[in-house]
Amino acid sequence: MKIQITVGDQRLQATIFDSATGRDLIAQLPLTIDMIDHGSVEKTGPLPAPLSRNGQPDGADPDIGDVGYYAPGNDLVFYYGDQSYYSGIVIIGRLDGDASSRIADLDGAITATVEIHTE
């Protein structure tokens, strides 16, 4: 499933994987999420309700460009830098094209509108 992420006048896309966690995220859309920067590697923001972790490993080592769910904080995460393995991370999708570098260029906190992408 494709999603659109809008930050200011920028529109970015991502592909969400077909998993229980991904389906739970899609069911919550559309959302506007206030996201903060963590360690110059990720933008994170709270979701209104927890996502299922059924069938997911205990943790993950996300790659640049991954879309993740950080279960302990109930956060949606956009990875634009190198993050190491951490318990509670679930990889739920991938940012499309140059979206990760465009997110990296956004200093500090952002407000992202996340919705199902329709063309």
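I began with Leu-51, which counts as buried because its relative accessibility is 6%, and the cut-off for buried is under 20%. The model I am reading is a predicted one.

**Leu-51.** I looked up where this residue sits. Leu-51 belongs to the loop that runs between β4 (42–46) and β5 (59–60). Next I listed its contacts, leaving out residues up to four places away in sequence. Leu-51 touches Thr-21, Asp-24, Leu-25, Gln-28, Tyr-69 and Asn-74. I then checked the spacing to Leu-25.

**The barrel.** Which strands close into the barrel, and in what order? I traced eight strands, in the order β1-β2-β9-β6-β7-β4-β3-β10. The pairing is antiparallel. On average, neighbouring strands of this sheet are turned by 35° against each other, direction ignored. I then turned to helix α1, residues 20–28, which packs on the sheet. Helix α1 touches β1 (2–7), β2, β3 (31–38), β6, β7 (75–79), β9 and β10 (110–116). Its direction makes about 65° with that of β9.

**Strand β9.** I took this strand, residues 89–95, for a closer look. How many of its seven residues are buried? I read five, so I note the strand as mostly covered. I then went through its pairings. With β2 (residues 10–16), β9 pairs in the antiparallel sense over three bridges. Here I noted that Ile-16 has Gly-93 of β9 as its bridge partner. With β6 (residues 66–70), β9 also pairs in the antiparallel sense, over five bridges. I picked out two positions facing β9. Asp-66 stands opposite Arg-94. Tyr-69 stands opposite Val-90.

**Gln-10.** My last stop was a residue of strand β2. Which side chain does the side chain of Gln-10 meet in a polar contact? I found that of Arg-102, at 3.0 Å. I also listed what Gln-10 touches, again leaving out residues up to four places away in sequence. The list is Ile-5, Arg-102 and Leu-106.

Terms used:
Residues numbered from 1 in each chain as written. Predicted model: local features only at pLDDT ≥ 70, side-chain atom pairs only at ≥ 80, totals over all residues. Heavy atoms only, no water. Buried < 20%, exposed > 50% of the residue type's maximum accessible area, 1.4 Å probe, protein only. Helix = DSSP H or I, 4+ residues; strand = E, 2+ residues; numbered from the N terminus. Pairing = 2+ DSSP bridges. Axes fitted to C-alpha atoms, helices over the stretch in contact; angles between N-to-C directions. Contact = heavy atoms within 4.5 Å. Polar contact = N/O pair within 3.5 Å; in protein donor to acceptor, adjacent residues only side chain to side chain.
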